[in-house]
Amino acid sequence: MDWSALSVSLRLAGFTCLILIPVAIWLGRALAYARFRGKGLCEALVALPLVLPPTVLGFYLLLSFGRDAPVGSLWANITGSGLNFTFTGILLASLIANLPFAVQPIQRAFEHVPHNLREAAWCSGLSPWQTLLRIELPLVWPGIMSAAALTFAHTLGEFGVILMVGGAIDGETRTLAIAIYDRVQAFDEQGAAQMSALLLLVSFITLGLVYGLAGRRRWVRG
Amino acid sequence: MDWLGADGGYVADSRINVPIEGLDVAVHQTGPIPLAADFVCQPGELLALVGPSGSGKTTLLRTIAGLYRPQSGRVACAGDVWFDAECKHSLSPQRRQVGMVFQDYALFPHLTALENIQVPLRHLPQPKRREQAEQWLAKVRLDGLGKRYPNALSGGQRQRVALARALARDPKVLLLDEPFSAVDQVTRRRLQRELALLRQQIEIPIVLVTHDLEEATALADQICVLHNGVSLQQAAPEALFRHPASPLIARLLDRHNLFKGTVVEVAGQRRLQWGKTYLEVAEGLANLPLGESVAWYLPPSDIVLHRRDRPSQGERENPLAAAVEELVVLGGITSVSLRVNHGDMLRFDIATHAARRNQLTRGAVVNVSLLAAGIHLMPGHRVRADAHDKRK
């Protein structure tokens, strides 16, 4: 059992959720409410990682993370270190690869909040910020939960993008999914089986917890 | 009050020198929703905005609440200016202090009835907030249902929660957007009754948007008729139904008996010529030039059917023979259409038993009187003012 790989996987999934969910709330809400030219283009960009082969996405990220590329050199200027083959690098890649999984459920949830509920909140004296916290967020909570579950579970299972950008550096970028592949390559079937079972269990528990919690809402219209 | 100079320009307007305590709305814009509406509503008064769908009723309500910002206009309430396009001044909905009941009530589904009512009370400390919300709940006769979520309440109960939430804000104006459209008829009657009772306890202007004329007549002190975003006339219901300012308004109010006549002189007396009949008119005829073609309207209540067996009151006033064209029995009321010689159709309602007693049948010729006091002249308007209806 490769415990350091499990730790990398959990850290990666945790940080991805922590950073991506607030961004997705902002972006999903904007896409749900706003009417602007080029909205379709924006939505297409967000959805792109869904259909792109992970290796293609990984390849472009690898290129742009390089020290000669704008993103990579900017990062190197700020922090003094590179992005490729580091945990930060795979975290950044994971944020981009998970964008549709986080944004889409939240956007759908915001779209289902009737517009006049916000207006009723304003007429009741709630500021836009209070309206977001007290009215909108509770109503889109199931959407946020499923976004978090999907993002977490999908990050645990992500393989192609991580391998392209991070390689398989022990304790840094070797996630559980990559470790399994390595075990199989080394004919260690038992190790692969153990880790696969663990990944299956963790994923199932995550999803079960989240869907279970999200379903326990008394006021849900039924 | 009449400063109207010969050069025109200045129109006498009570609004100029009398400061309005209540609500004063003037909204004008050419697009995207054309609007040209002016109306006032005094504290304690209920103003109904009526008009067909798409006439801009809800947009005007949203303008008052600050949810819609027209290109130009002014909204003032209780001495404060809420919106003034000229000064680029517009208060946010939060700062206008309006109580709004939305068409589908817009209750927060994740909050209980009591919590919904507590939302506008957030400035109070928690125990006080709860206490006030309970009081409001009792006022709308929902005590004991405070812990229910909106999805566990009936349509009528939801409407009451919405009303309590709107009033809990201690609003300066109460806005009701078709508040009875989502409930069944029995509930609607009861809620209308409750609103009429509740009104006596609140001294603020109330604006009700409705397309139901009966509802407007029953509840409102003033009715403002809207058409394509234009406010055509504001008056008390009774005055409005008897004296619509134009044939278009009469038609929007579902009035029949709209005709065209000519001002003539018969034996030294002004008369209104209608087909081959010369009608006596109580008011308004003297000022009109001879030969003028004028639109006129007669409320159905001012058409008196002569009884066959004995003379009835007012029989000598504008008597007329006409053939029964159509009889429609609607329960206790029968709607009678009479074809007058020159082709126009008179329509009025009588009690079904009275129709039977007078042996009204299709084709029968009956005598009616058109009461002179009821004839309402609308000079300067054509009967079919449809060109007026279609704004480009």
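**Reading the two chains**

Analyst: Chain A has 11 helices and 0 strands, and its elements, read from the N terminus on, run α-α-α-α-α-α-α-α-α-α-α. Please keep in mind throughout that this is a predicted model.

User: What does the secondary structure of chain B come to?

Analyst: In chain B there are 12 helices and 21 strands. As for extent along the principal axes, the C-alpha atoms of chain A fill a box of roughly 65 × 40 × 30 Å, while those of chain B fill one of roughly 80 × 60 × 35 Å.

User: Which domains is chain B divided into, and how many residues does each give to the contact between them?

Analyst: Chain B is divided into domain 1 (14-245) and domain 2 (258-306 + 316-381), with 39 Å between their centres, taken over C-alpha atoms. The contact takes 5 residues from domain 1 of chain B and 4 residues from domain 2 of chain B. On the domain 1 side, these divide into 3 nonpolar, 1 polar and 1 charged.

User: And how is the contact between the chains to be read?

Analyst: The size of an interface is often given as the accessible area lost when the parts come together. Here the reading is by residues in contact, with 18 residues of chain B touching 17 residues of chain A. On the chain B side, the elements that give two or more residues are helix 3 (93-96) and strand 7 (98-101), and the residues of that side comprise 12 nonpolar, 3 polar and 3 charged.

User: Which residues have the most contacts inside the largest nonpolar core?

Analyst: That core has 159 residues, and those with the most contacts inside it are A:Ile106, B:Ala48, B:Ile64, B:Leu175 and B:Val207. Its largest share, 12 residues, comes from helix 8 (residues 128-157) of chain A. Domain 1 and domain 2 of chain B both give residues to this core, so it lies between them. To see one of its members in detail, take B:Leu175, which, leaving aside residues up to four places away in sequence, touches B:Leu61, B:Ile64, B:Ala65, B:Val98, B:Gly99, B:Met100, B:Val101 and B:Val207.

User: Could you now show me how to read a single strand? Why is strand 10 of chain B described as largely enclosed?

Analyst: Strand 10 (residues 222-227) of chain B is largely enclosed by the rest of the structure because 6 of its 6 residues are buried. B:Gln222, B:Cys224 and B:Leu226 point one way from the strand, whereas B:Ile223, B:Val225 and B:His227 point the other way, and all are buried.

User: Which strands does strand 10 of chain B pair with?

Analyst: Strands of a sheet pair through backbone hydrogen bonds, either parallel or antiparallel. In chain B, strand 3 (residues 46-50) runs parallel to strand 10 and is joined to it by 4 bridges, with B:Ala48 having B:Ile223 as its bridge partner. Strand 11 (residues 230-235) of chain B runs antiparallel to strand 10, with 5 bridges between them, and B:Leu226 stands opposite B:Ser231 there. Strands 10 and 11 of chain B form a hairpin with 2 residues between them, and B:Asn228 in the turn has a positive phi of about 50°.

User: What is the strand order of the open sheet of 5 strands, and which strands stand at its edges?

Analyst: The order in chain B is 16-20-17-18-19, with antiparallel pairing. Strand 16 (303-305) and strand 19 (345-351) of chain B stand at the edges, each with a single partner strand, so one side of each is left without a neighbour in the sheet. The twist averages 45° from one strand to the next. Within this sheet, strand 17 (residues 319-330) and strand 18 (residues 333-340) of chain B pair in the antiparallel sense over 8 bridges, and B:Ala322 stands opposite B:Val340 in strand 18.

Technical notes
Residues are numbered from 1 along each chain as its sequence is written. Chains are lettered from A and ligands numbered from 1 in the order in which they are written. This is a predicted model: local features need pLDDT of at least 70, side-chain atom pairs count only at pLDDT 80 or more; totals for chains, interfaces and linings use all residues. Two residues are in contact if their C-beta atoms, placed from the backbone, lie within 7 Å. Ala, Val, Leu, Ile, Met, Phe, Trp, Tyr, Cys and Pro count as nonpolar, Asp, Glu, Lys and Arg as charged, and the others, Gly among them, as polar. A residue is buried if 20 or more other C-beta atoms lie within 10 Å of its own, exposed if 12 or fewer, and partly exposed in between; C-beta atoms are placed from the backbone. Two strands pair if DSSP finds at least two bridges between them. A nonpolar core is a set of buried Ala, Val, Leu, Ile, Met, Phe, Trp, Tyr and Cys residues joined through C-beta atoms within 7 Å. Domain bounds come from an automatic or database domain assignment. Axes are lines fitted to C-alpha atoms, for helices over the stretch in contact, and angles run from 0 to 180 degrees between N-to-C directions.
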